[in-house]
Amino acid sequence: MSIYNFSAGPAVLPQPVIAQIQAELPSFQDSGMSILEISHRSNLFEQVLHDAEQDLRDLLTIPDNYHVLFFQGGGTLQFTAAPLNLARHHRIGLLDSGHWAQRAAAEAERVGTKVHVLASGAETNFKQLPILARPVDQNLDYVHLTTNNTIEGTMTTALPNTGRVPLAADMSSNFLGESYQVSDFGLIFAGAQKNLGPAGLTIVIVRDDLIGHVDNLPSMLDYQLFAAKNSMFNTPPVFAIYAAGLVLKWLKQQGGLDTMVARNHAKAALLYDFLDQSRLFTNPVKTSDRSTMNVPFITGNTDLDNQVIQDAQEHGLVNLKGHRLVGGMRASLYNAMPLAGVQALVDYLDNFEAHHR
Ligand code: PMP
């Protein structure tokens with residue numbers, strides 16, 4: 001039986017990438033050593049790191065005045081690193097789109113940053129994105145935005161107008177899955193384990209004029225230091241960078257970002273169209289704010305939801321349990337989820353519905 005993995009992260013990776021990892025795991029590029037064993041200072045790894053950065057630059061058309069940095073510590077460490085590096089005046093704005101935006105705000109406050117909530121989706125229980133109602137105070141250091149809300153299932157495509165204040169985006173759950181212009185942001189960060197590769201790697205893309213203004217930052221959080229050391233201040237996550245590099249090459253082979261985004265929209269439309277006509281399942285999110293990456297849905301009956309999750313698993317549709325904050329089900333449809341997987345889910349749900357009216 002084929003398995004389709006709808007996990008929100010760590011998540012499904014492309015089959016050809018898994019096959020390649022397996023094939024070259026004992027001996028990387030005929031070196032007689034595994035990628036798990038080689039030095040990060042070796043020529044072999046330097047090439048891996050170089051290719052990963054170049055492929056990312058090609059896929060996202062990253063302008064030359066942006067650094068691409070490879071961090072550890074997940075998206076969560078960037079909730080601390082972003083304010084330490086960029087919030088020189090200790091004042092940032094927040095678009096409160098739910099759980100991960102609030103987590104980012106809490107970490108910023110821990111390092112002495114005042115967080116101004118500019119708009120919140122709280123009144124709609126985050127079923128809608130926050131909307132800026134008035135011009136943004138131009139003295140803020142940046143505005144934090146979560147482009148895709150993994151738990152609530154909302155996604156921003158129209159960026160807010162913040163004037164001269166840079167946007168800092170947590171793109172953890174739709175990095176390389178939806179298209180954005182890098183030049184619209186001062187900072188982008190994303191944990192790799194949803195749409196790019198295994199856990200242990202976090203991508204940071206930052207405009208060069210925004211960094212290097214704060215002295216004596218903890219070294220492991222210092223964007224300027226990581227830029228100067230080519231992300232090799234200490235031992236980087238070698239295997240995670242290697243695997244992400246393979247995914248980047250796979251993305252290029254598929255036709256790049258435009259192809260992936262078109263596929264993601266088609267996959268999401270298939271599931272949302274089903275949910276919208278269903279008399280059993282519903283997706284609670286405002287239509288224009290729906291995520292193409294994470295689709296939460298419910299029956300309205302917790303016991304029935306649990307039955308769906310359990311029974312779907314027995315049919316090879318795994319990791320559909322929703323986040324504990326919202327309950328119900330959640331299907332994550334990242335780049336490596338094929339259309340056939342979404343079709344299998346829709347067919348399954350349709351059949352379940354026919355037997356549970
Ligand atoms: N931001 C978003 C949008 C997320 O979905 C997550 C993880 N679910 C995080 C940040 C935290 O990421 P990490 O576990 O890599 O620290």
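1. The protein's secondary structure comes to 9 helices and 13 strands, where helices (H or I, at least four residues) and strands (E, at least two) are DSSP runs numbered from the N terminus. Its radius of gyration, taken over C-alpha atoms, is 21 Å, close to the 21 Å that the globule rule gives for 357 residues, so the protein is as compact as a globular protein of that length; the rule is 2.2 Å times the number of residues to the power 0.38. Along the principal axes, the C-alpha atoms fill a box of roughly 65 × 60 × 30 Å.

2. Please keep in mind that this is a predicted model, in which local features need pLDDT of at least 70 and side-chain atom pairs count only at pLDDT 80 or more, while totals for chains, interfaces and linings use all residues. Residues are numbered from 1 along each chain as its sequence is written.

3. The ligand is surrounded by Gly9, Gly74, Gly75, Thr76, Trp100, Thr146, Thr150, Asp170, Ser172, Ser173 and Gly191, a residue being near a molecule if its C-beta atom, placed from the backbone, lies within 6 Å of it. Helix α3 (residues 74–86) gives the most to this shell, with 3 residues, and Trp100 is found in helix α4 (residues 99–110). By class, the shell divides into 1 nonpolar, 9 polar and 1 charged residue, where Ala, Val, Leu, Ile, Met, Phe, Trp, Tyr, Cys and Pro count as nonpolar, Asp, Glu, Lys and Arg as charged, and the others, Gly among them, as polar.

4. An unreviewed UniProt entry carries the annotation "binding site" for Gly75, Thr76, Trp100, Thr150, Asp170, Gln193, Asn234 and Thr235. These residues are spread over 161 residues of sequence and also in space, up to 30.6 Å between C-alpha atoms. UniProt annotations may be inferred rather than shown by experiment.

5. The axes of helix α7 (residues 257–277) and helix α9 (residues 339–355) come within 10 Å and cross at roughly 0°, the axes being lines fitted to C-alpha atoms over the stretch in contact, with angles from 0 to 180 degrees between N-to-C directions. The two helices α7 and α9 are therefore roughly parallel to each other, a term for angles under 35 degrees. By class, the contact of α7 with α9 has 9 nonpolar, 1 polar and 3 charged residues.

6. Two backbone details deserve a look. The peptide bond from Gly9 to Pro10 is cis, with omega near -10°, and Pro10 lies in the loop between β1 (4–5) and α1 (15–24). Gln29, in the loop between α1 and α2 (43–60), has a positive phi of about 50° although it is not a glycine. Most residues other than glycine have a negative phi, and most peptide bonds are trans.

Notes
Angles under 35 degrees count as roughly parallel, over 145 as roughly antiparallel, 65 to 115 as roughly perpendicular and the rest as oblique.
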